[in-house]
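Colleague: Could you walk me through this one slowly? I am still learning to read strands and cores.

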Amino acid sequence: MVLKNRFIPLLGLLCLLIVLFCACGASWVKVTPTMSQKNGISPETSFVIDIENLTVDTPNPEKLIELSPENNFILTQNDGGGLLLTPSNPFMAGEKVALTITNPIDGKQKSFSYSVENQLAVRSNFPANDAKRVPVDCGVEVQLNTSTVTIENFKDAFSISPDIQGQVTSDGNRFVFYPTQKFAYGTKYTVTVDNKILAAKGGAKLSEPLSFSFNTISQDELDIKNMFQSDGNNLTINMLTSDVPLIAFYIDNSIPADKQLISVDVFKFNNWQDYKAELDVLTSQKSYFSYLDVDTSKLQKQSHFETLAIEATKSNNYYSFKRLVQFPEALPEGWYVAEFSLNCNGAIAKQQLLIQSSDISMFYMMSDKELLVWANDAENGTAIENAAI
């Protein structure tokens with residue numbers, strides 16, 4: 001009997017150790033949605049991810065995380081610890097979402113599954129809020145996270161001020177308002193989508209009204225823009241640290257050659273993340289409406305110079321000449337924005353250009369599902385091992 005009484009506590013202790021061992025085996029990762037309800041996660045949720053011995057400074061932590069359905073995301077350090085995963089777009093209403101995390105030590109994986117609640121969210125809108133110099137002949141676009149909103153319902157919920165007549169088209173979850181006549185020049189428009197009217201199948205609604213404003217280009221701005229333009233509307237350039245930048249512009253021939261004095265200010269970004277943020281803004285714009293409006297007030301001024309534009313070739317298609325602006329020297333490795341100013345017959349026209357100066361030379365080929373990248377060290381001509389793309 002004494003032996004039996006001793007055996008029972010030992011058995012209990014053994015069971016407790018087994019439970020603790022299993023718990024410890026699964027404790028290397030924890031995922032917590034930042035916005036969840038009893039019916040599922042919010043379409044606009046982020047996720048706090050705690051992975052043992054992993055921080056945002058760990059090389060390529062994003063390779064350990066797979067989000068399905070595919071949705072680009074940004075990883076940052078969470079204020080309360082761990083990593084904060086922020087999807088680029090809200091999830092589709094009612095869809096299933098899975099996060100698969102790979103253990104950085106032994107390669108084992110753990111998956112977390114969630115249901116997205118039936119709630120409306122805006123995935124994107126165009127023009128962006130507070131956009132400037134918007135063309136007067138463009139449309140207004142709103143993309144939702146569901147395709148079950150009818151075009152009639154969207155029309156009822158949509159309004160624009162000042163009022164302008166137009167028609168709405170629909171392509172699944174994308175709605176576009178096309179004005180019957182062009183927008184007025186130099187005018188601020190405000191778009192509102194009423195969350196009390198807009199409703200998807202099953203009664204899903206926006207949590208708050210959608211409201212954004214944009215400013216159309218003025219006639220004067222349009223005239224100036226046509227007098228001083230970057231070649232091919234190229235707004236970014238990659239340079240080697242050994243190359244002196246040579247930038248092409250089109251300048252209207254109404255400006256005499258001896259008056260084509262271009263003032264250039266070069267500002268340096270603090271890090272690649274700030275540079276990428278400006279790239280993201282640029283790539284989110286429509287191809288026919290791309291412009292840079294980088295706030296340089298908080299950036300370090302790298303250099304300033306003035307130079308007369310160099311005549312390259314005369315364009316046969318436009319009343320303008322192709323001109324070149326040469327920097328006095330190469331740029332050290334880093335990320336920059338250059339601002340070019342030209343006096344166009346009394347009005348100052350400005351153009352900005354994002355510049356990346358690096359000794360990494362890259363070539364890539366891309367198909368529907370695969371990306372092949374060659375990364376080379378331009379200084380010694382050899383491939384870069386273990387390059388993070």
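Colleague: Which residue is the bridge partner of Cys344 in β26?

Modeller: The partner of Cys344 in β26 is Ala347. Please keep in mind that this is a predicted model, in which local features need pLDDT of at least 70 and side-chain atom pairs count only at pLDDT 80 or more, while totals for chains, interfaces and linings use all residues. Residues are numbered from 1 along each chain as its sequence is written, and side-chain values use heavy atoms, with hydrogens and water left out.

Colleague: How many bridges join β25 to β26?

Modeller: There are 11 bridges between β25 and strand β26 (residues 347-357), and the two run antiparallel. Strands here are DSSP runs of E with at least two residues, helices are runs of H or I with at least four, and both are numbered from the N terminus; two strands pair if DSSP finds at least two bridges between them. The hairpin of β25 and β26 has 2 residues between the strands, and Asn345 takes a positive phi near 55° there.

Colleague: And which strand pairs with β25 over 7 bridges?

Modeller: That is strand β21 (residues 261-268), again in the antiparallel sense, and Lys268 stands opposite Tyr336 in β25.

Colleague: Is β25 mostly covered or uncovered?

Modeller: Strand β25 (residues 334-344) is mostly covered, since 9 of its 11 residues are buried, where buried means under 20% relative accessible area, exposed over 50% and partly exposed in between, with a 1.4 Å probe and protein chains only.

Colleague: New topic: which residues touch the most other members of the largest nonpolar core?

Modeller: In that core of 31 residues, they are Phe154, Ile160, Phe183, Leu198 and Phe214. Elements that each supply at least two residues of this core include α2 (151-157) and β17 (210-216). A nonpolar core is a set of buried Ala, Val, Leu, Ile, Met, Phe, Trp, Tyr and Cys residues joined through side-chain atoms within 4.5 Å. Apart from this core lies another, of 24 residues, among them Ile224 and Phe228.

Colleague: What is Ile160 in contact with?

Modeller: Leaving aside neighbours within four places in sequence, Ile160 is in contact (heavy atoms within 4.5 Å) with Phe177, Phe183, Tyr189, Thr190, Val191 and Phe214.

Colleague: One last thing: is Phe363 buried or partly exposed?

Modeller: Phe363, which is found in strand β27, is partly exposed, with a relative accessible area of 48%.
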